[in-house]
Amino acid sequence: MKSYFRPEIDALAGYTPGEQPKLRRLVKLNTNENPYPPSPRAMEAIRALSGESLRRYPDPAADALCKAVAERYGVGRNQVIAGNGSDDILTMVFRAFTAPDRPVAVLDPSYSLYPILAAMQGAPVIRIPLAGDDFALPEDILEQAKGANFLAIVRPNAPTGTLFPKEDMRKICAGFDGMVMIDEAYADFAADDCMDLVKEFPNLVVSRTFSKSYAFAGMRLGYAVSSPEVIYGLGKLKDSYNVDAVAQAAGLAAFEDVDYFHQTLQAIRRDREDLRKKLQELGFKIVPSEANFLFAAPPDGDGEGYFRYLRENAVIVRYFPGPVTGSYVRITIGTPEQNAELLALTATRYKKA
Ligand SMILES: Cc1ncc(COP(=O)(O)O)c(C=O)c1O
């Protein structure tokens, strides 16, 4: 059949999500899910929903949730928008700020969805390589991003876990002639975040997700915080009822259960340090990580071999082929038992003679 697709879509390979295997006995450390369940209060909120609340359309603006977010960060209600996962937020943002004559600048390596969202828009992508073994921001990032209308940064970065200095984020927002997005999908696991910079820079949008730190990957909930003008503009692009009633109720309950949230975060941070130390003792090169995963290169630099070995032994991590990323794998921090299983297998393969 003759193709009626736009040529951009025909040319697109599409995003490959991390696999979701059906096997039961599997240690799944490949998509940065939280190893702990969501807040018990979120589960209660789901059970308390009536059939009536599903019969009717949800609140199109997810107002109660957005109000709670606005209060927490000390911004106006008109500075918050909710999404069906943060991928929904990213879709709105790319639709808003990229086009064939509006290039986007992305860091490399970074979230592999960005170039695909750009391709859907027919927008050129300026790739800015991260520098050195610790995947740092290049000093001339503003120079390299020149000509882009939109600059997308993940902080802490994925898949490396790197927390770029906050002061650099401030300089970038001040110096970049365009829209800046800081994707804070993993910021809850980090020492600091850039939410307060929204008050200083109207050209900054900060994106967050419930998928990782709130253990809501199966629920689909995210939000963005920015200046009122930007949030107003993004609102024109969103699906009318983009956040369902279940996600709104459960999300609000989880967001307000601050104690549970901090307990699980603390456990994940502690286990991240423990796993880092033990992998380093086995000769691994580990990029300093402020996220809920480690970007780790085995002693022989054969990321793919290590990935395959783990997979054969029912432990799944994420491998990103390529000259820069190919010597590493990305390992999500699991429960202490899951991490121990990964370590035991790893020690068998790499134990020093
Ligand atoms: C950097 C980054 N941003 C956004 C997302 C999307 O998260 P979600 O759509 O589940 O909110 C992910 C998921 O892996 C991610 O790694």
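## Backbone exceptions in the loops

In this predicted model, alanine 215 counts as buried because 21 other C-beta atoms lie within 10 Å, where 20 or more are required for that class. The residue sits in the loop between β7 and β8, and alanine 215 has a positive phi of about 60° although it is not a glycine. Alanine 314 also carries a positive phi, near 65°, in a residue other than glycine; its place is in the loop between α12 (303-312) and β11 (315-316). With 15 other C-beta atoms within 10 Å, alanine 314 is classed as partly exposed. Most residues other than glycine have a negative phi, and most peptide bonds are trans.

## The seven-stranded sheet

Seven strands form an open sheet in the order β2-β8-β7-β6-β5-β3-β4, and their pairing is mixed. At its edges stand β2 (80-83) and β4 (125-129), each of which pairs on one side only. On average, neighbouring strands of this sheet are turned by 20° against each other, direction ignored.

Both senses of pairing can be followed in particular strand pairs. Strand β3 (residues 104-108) pairs with strand β5 (residues 150-154) in the parallel sense over three bridges, and within β5 the bridge partner of valine 104 is phenylalanine 150. By contrast, β2 and β8 run antiparallel and are joined by four bridges, with glycine 83 standing opposite glycine 222 in β8. Strand β7 (residues 204-209) is also joined to β8 by four bridges, and these two strands run antiparallel; here serine 207 has alanine 224 of β8 as its bridge partner.

Helix α4 (residues 63-73) touches β2 and β8 (222-225), its direction making about 130° with that of β2, while helix α6 (residues 114-121) lies across β3, β4 and β5 and runs at about 160° to β3.

Leaving out residues up to four places away in sequence, alanine 224 touches Ile81, Gly83, Ile89, Val205, Val206, Ser207 and Leu234. One of these, valine 205, is 19 residues from alanine 224 in sequence and 6.6 Å away in space, C-alpha to C-alpha. With sequence neighbours within four places set aside, tyrosine 223 is in contact with Cys66, Val69, Val80, Ile81, Ala82, Gly83, Ile89 and Arg208. Tyrosine 223 and phenylalanine 176, which are 47 residues apart in sequence, are 23 Å apart in space, C-alpha to C-alpha.

## The three-stranded sheet

A further open sheet has three strands in the order β9-β10-β12, with antiparallel pairing. Because β9 (285-286) and β12 (329-332) each have a single partner strand, they stand at the edges, and one side of each is left without a neighbour in the sheet. Two bridges join β9 to strand β10 (residues 293-297), and isoleucine 286 has alanine 296 of β10 as its bridge partner. Helix α11 (residues 258-281) lies across β9 and β10, running at about 5° to β10.

## Helix α10

The twelve residues of helix α10 (residues 245-256) should span 16 Å at 1.5 Å a residue, and the end C-alpha atoms are 17 Å apart, which agrees. The helix is mostly covered, nine of its twelve residues being buried; among them are Gln248, Leu252 and Phe255. The buried residues of α10 pack against α2 (40-47) and α4.

## Surroundings of the ligand

The ligand is surrounded by 13 residues, of which the closest are Gly85, Ser86, Asp87, Thr209 and Ser211. By residue class, this shell divides into five nonpolar, six polar and two charged residues.

Notes:
Residues are numbered from 1 along each chain as its sequence is written. This is a predicted model: local features need pLDDT of at least 70, side-chain atom pairs count only at pLDDT 80 or more; totals for chains, interfaces and linings use all residues. A residue is near a molecule or strand if its C-beta atom, placed from the backbone, lies within 6 Å of it. Ala, Val, Leu, Ile, Met, Phe, Trp, Tyr, Cys and Pro count as nonpolar, Asp, Glu, Lys and Arg as charged, and the others, Gly among them, as polar. Two strands pair if DSSP finds at least two bridges between them. Axes are lines fitted to C-alpha atoms, for helices over the stretch in contact, and angles run from 0 to 180 degrees between N-to-C directions. Two residues are in contact if their C-beta atoms, placed from the backbone, lie within 7 Å. The expected span of a helix is 1.5 Å times one less than its number of residues.
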